[in-house]
Each structure stands twice: as structure tokens, then as C-alpha cells.
Amino acid sequence: MSNFYTDTPSLKHHLHHPLMRRIVELKERNFRDKDEFDYAPVDFEDAMDNYEKVLEIVGEICDEIVAPNAEDVDHEGPTVSNGHVTYAAGTQVNLDAVRKAGLMGMAMPRRYGGLNFPVVPYIMAADIVSRADAGFENLWGLQDCAETLYEFGNEDQHQRYITRVCAGETMSMDLTEPDAGSDLQSVMLKATYDEAEGCWRLNGVKRFITNGDSDIHLVLARSEDGTKDGRGLSMFIYDKQNGGVTVRRIENKMGIKGSPTCELVYRNAKAELCGERRLGLIKYVMALMNNARLGIMAQSVGICEAAHREGYKYACERQQFGKAIINFPAVYEMVAMMRARTDASRAMLYETARFVDVYKALDDIARERKLTPEERQEQKKYAKLADAYTPMGKAMSSEYANQNAYDAIQIHGGSGFMKDYTCERLYRDARITNIYEGTTQLQVVAAIRHVTTGTYLNQLRAYEALEYKPELEDLKKRLTKMTDTYEQLVAIVTESQDNEYLDFMARRLVESAAHCVLGYLLLQDANKDNLFLKSAEVYINYGESEIYKSREYIAKFKPENLSSYRQETDFLLNTTCNNA
């Protein structure tokens, strides 16, 4: 039997990035837990060895249990009865396996029963789980809601709830409502303080809630009478043990069928405030969403990996015209691009995870003592980079997951359209990744300010300044030229001082920045390991052509051309309304 960690050398490569020494130093606080917990590491090497051992366990469970269960779970799915969810049989087996292995609450401190893992190895486990079954990742991965509870809850809440998550209980984040999807400031679930009971009561409906019948919920609700915007929203903790919430139905979805997506009805449900009033959306949900978006990046990378493996395997086995179809240029080009997209997405995932690790560890240290000026500067630097890379990474990796899944089916031909092959499920599972936790279009909205303020350009110039092997010099020169072109495109669009024009071109600018970033990350990987050289070459070829296409489009497009798009939209809208 294989192992989903050890059979993917790129995972170990990213785990052993030089910045991990600083991350472990911050996370372990000079290894102060070693005298209190038997399983706490005594030094950096011991910590890294612990991460590897746990990831091997994750890889083994995914190979021997989660992946073999995936098809049956997809067909059976969860059911709802008497207002509560019953998981598919395979899902329950999966949950029992990860609980028994102690893989819940991985990133939580040891004093609550967690493993105190940094973000990088935790997200690596999510990458592995997603390759096995993206739907199961939605259940297992929601343990990262505990991170928000840890950041903003009080110590009593930590002791009562985080310990339960580490022991194996599940979580959900109840945000979306029928009339509040991406526009969360429109949330209307009502929170009323019950003076007699000394608690809050929640009333209303939530929709599209992943794992909606979980044990512990983080709920966004309107606590301030008379408000209609985000300033009237607070975050609450709902405990399933208290009752008051029922599942009205499970959505009949295209993919990730093992994960129950629920419509919930809150009827005077008892809850408690998490953090301060009025900061639910403004502060807490933003943190929650950023954690979730990193998780979707990992899910997308796992799907990319699975789709590439399915496509490559079939291309090697399928014979046409006397030879395997992998030998035809039209096919090997697709397979090579699938590998390059996977390696590029994974490089972005772990670069982002490292940024998150450093700033969150320093945030946590700041709760214990005052940061030094150098630490404050470090925290600010990595928080800004994490803020920039999260939306870019979520957008690019989810789009690439969709493209890889599409190409896997195309390589399979007619067989790929049948449910006999894994790629059919991957195609359905991938489709949600560029929709939930913020569509690709919303990720562009979040990323564009880092285009206009120079965050991406400054980081690209930092990558450019690194030393690369002589044999990579040509690729570096091409990336430098790509970055120069990106800088020129930003200048052309921003100099117009037309916000609508900027919004219209935002996707092209963000994607151009991303092609440069992904190219440089792959170049850095190839600088350390020839394993990544071909992916770097293939991706830079692709990214170069995409940036130059954007250059041609922007050069010919004038702000006044926007009127054609407006008029076309108006014409279609009027025609549709008149016909109706």
C-alpha cells in the first residue's frame, strides 16, 4: 500500500522550508512544553520529526480508509431525520479513524488536548485529506473554527469548547442566510439577551451551512436592535447539547456529497457571546473567513493532485493507434500543465501558510507579553503578506483545481463522463472551490488593493533579488521581464484614475501578479530540487503568454469602451424583462 504523504515528495520539500525554523521557534516558545507533556518536542529537529510522523499517519489513513470510502460516501451521502443529520457509513468510519489517531484540534495548544502544530503541517494534512476525499475535508477541516474561538473567546470558553474539539467533536461556522450570501452585513438572524436566564437566544434561519448539525457552532447574528449593517452583528457560540436548532433539510448538491450542507432553523436557541458585541463581522468573521480560505486552498491543491494522478495514470494505460495516448503532444501537454498547476498551487499554499504562521504566532505571543519593536515589525510584515496572498492563492488554486479536474475528464474521453472513474467525482467536487468562502470574483476584489499599493510588486522584487543557480538564469530573466510588464500594466490602468476601469481590469492585473508570483515560487523550488524544474519551465511558459495576452488587451482597451459592455447588459436586461 502507498501512503499519501510519503508518495508525494513535494510535501516533504515544503515542510522543510528554511522559514520553518523561525516558525517552530515562535510556536514552541523555546520548547517550554517539554517538561509538562510527554509528546512535546525538545528541540527543532524533534518538532520536525513529530510533524513528519503525524503526516505519515494522515497519509496512511487517507490511503487505507478515506480514499477507499470516497465513492460509497459520494453515492450514499448524509441523511436528515427528526431535525438531525446521520452521516454516510463511510464518513462515520473516517471520523472514527481520525479521532482515534488524535487528528482533531491539531493546531490547538497542548493544554487543551491539541498537538500545537503550526499552520504549515496542519494545512499539509488538509492537502492530503482533500486528495483522498474533498467532501471529508469539509468535515475534518472545520476544526480550524477552533482557531477563531481560541483567538477571540475567553479562557473559560477555551476550556469548555476547545478541549471538546481536540477530543473529536465537530464544528461549523453558521454565517450564510437565504438573503445574505456574499453580503454578510445583511445577516438578520436575531440575537436577544435573556435577562432571566443570563444568556442569549437566537432565532432565524441559516442556509448553506457546511456540517450544519455539528457539535459546536460559531454563529453570526444581529445583536443590536435597529441596525442593518455589519456594525450590528456579533459572534455567538451555540452548543448542540443545549438544543434549539434543527436541520430543515440537506441541500442536494453537485459535489462534495459526503459533507452535509444544511438549512438550519434557530428557535430560541441558547447561545453565548464570543468576544465583544458588534465585532462579529468586522473582526471575527474576517479572521474566520481567512482561515477557511486557506483551507479551501489546501482542498483545491488536494483535488489538483488527485486529478493529475488520475489523468496521468489513464494516459499511460490507454492505447490508441498502437501506442499509449501519453505519447501524443495534445495529451502530454495537458498532463504537463496539470502537474505544473499542481506544483504552482502547492507552492503558493505553503508560502501563504508560512506567512500566516509567523504573524499568528506573534499575535499569540503578544497576549502573553509585549512584543519587541523587531517582533512588531515582523508581525506587521507577515500579516500584510498573508492578507495579500490568501485571496490570490484561493482564487488561483481553486480555478486550477477546476481546470485540472476538467482536463482529467478530457484525457479519459467518454469514460471520464461515466461514474466508473474517479475523475467524474473530482470534477463535481472541484466546482465549489471557486465559489464558497468567497467567489473568485470576490477574491479579486480583496486582492486588487495589494496590486495598487505595491504589495505584490515589492514581494516580486524581493524574489528577484534572491540568488539562483546559473542554469536557472534564463528563467529568472524571463520572470524579471514578466514582472516589468506587470508593473507597466498596473501603471496604465491606475493612471486613468477611473475606478470602474480599474475594477474591470482587476482580474487581469491580479492574475498577472499571480503568474509572476507562482513562477518565482516554482523557480525557488527548482533552485533547491530539480524535481520542480520541469514544472517551473512549463508554468513560466504559460504565465508569460497569459501576461502578454493581458498586455495586448489592456493596450487596446480604453476606459470609454466600458460603455459597450454597459449597453450590452442593458439591452439584454431590457429584452429579457420585456419578453417575460
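Mentor: Start with the second largest cavity. Three helices, helix 11, helix 13 (440-452) and helix 16, each supply at least two residues of its lining. Keep in mind that this is a predicted model. The volume of this second largest cavity is about 50 Å³. Its lining consists of Ala395, Met396, Glu399, Thr440, Val444, Arg507, Val510 and Glu511. By class, that lining of the second largest cavity splits into four nonpolar residues, one polar and three charged.

How many cavities reach 30 Å³ or more? The count is three. The search behind such a count is simple to picture. Rolling a probe the size of a water molecule over the atoms shows where empty space is left.

Now take the largest cavity. Its volume is about 60 Å³. Around the largest cavity sit His14, His17, Ala347, Glu351, Arg354, Leu521, Gln524, Asp525 and Lys528. Which helices each supply at least two residues of this lining? They are helix 10 and helix 16 (499-528). Helix 16 gives the most to the largest cavity, with four residues. The classes here are two nonpolar, three polar and four charged residues.

Next come the pockets. The second largest pocket holds about 890 Å³ of space. Its lining counts 45 residues, and Lys27, Glu147, Tyr150, Glu151 and Lys360 lie nearest the centre. Several helices each bring at least two residues to this lining: helix 2 (20-28), helix 5 (119-132), helix 7 (145-152), helix 9 (280-317), helix 10 (329-366) and helix 11 (373-412). Which of the helices gives the most to the second largest pocket? Helix 10 does, with seven residues. By class, the pocket lining holds 21 nonpolar, six polar and 18 charged residues.

Stay with Tyr150, one of the residues nearest the centre of the second largest pocket. The model has 22 aromatic pairs. Among them is a pair made by Tyr112 and Tyr150: the ring centres are 6.4 Å apart and the planes stand at 70°, so the pair is edge-to-face. Tyr112 lies in the loop between helix 4 (89-100) and helix 5, while Tyr150 lies in helix 7, so the pair ties together parts that are 38 residues apart in sequence.

Finish away from the linings, at helix 3. Helix 3 covers residues 44-76, 33 residues in total. From first C-alpha to last, helix 3 reaches 44 Å, close to the 48 Å expected at 1.5 Å a residue. Where is the kink in helix 3 centred? On Cys62, with a bend of about 45°. At the N-terminal end, Asp43 caps helix 3: one of the side-chain oxygens of Asp43 lies 3.4 Å from the backbone nitrogen of Glu45. Just after helix 3 comes Gly77, with a positive phi of about 65°.

Notes
Residues are numbered from 1 along each chain as its sequence is written. This is a predicted model: local features need pLDDT of at least 70, side-chain atom pairs count only at pLDDT 80 or more; totals for chains, interfaces and linings use all residues. Side-chain values use heavy atoms; hydrogens and water are left out. The expected span of a helix is 1.5 Å times one less than its number of residues. The bend at a residue is the angle between axes fitted to the seven residues ending there and the seven starting there. A polar contact is a pair of N or O atoms within 3.5 Å; within protein, one must be able to donate a hydrogen and the other to accept it, and residues adjacent in sequence count only if both atoms are side-chain atoms. On a 1 Å grid over the protein atoms alone, a cavity is a set of points where a 1.4 Å probe fits but cannot get out, and a pocket is an open set with protein on both sides within 12 Å along at least five of seven lines; lining residues have an atom within 4 Å of a point. Grid points are joined across faces, edges and corners, and a volume is the space filled by probe spheres set on the points. Ala, Val, Leu, Ile, Met, Phe, Trp, Tyr, Cys and Pro count as nonpolar, Asp, Glu, Lys and Arg as charged, and the others, Gly among them, as polar. Rings of Phe, Tyr and Trp (its six-membered ring) pair if their centres lie within 6.5 Å; planes under 30 degrees apart count as stacked, over 60 as edge-to-face and the rest as tilted.
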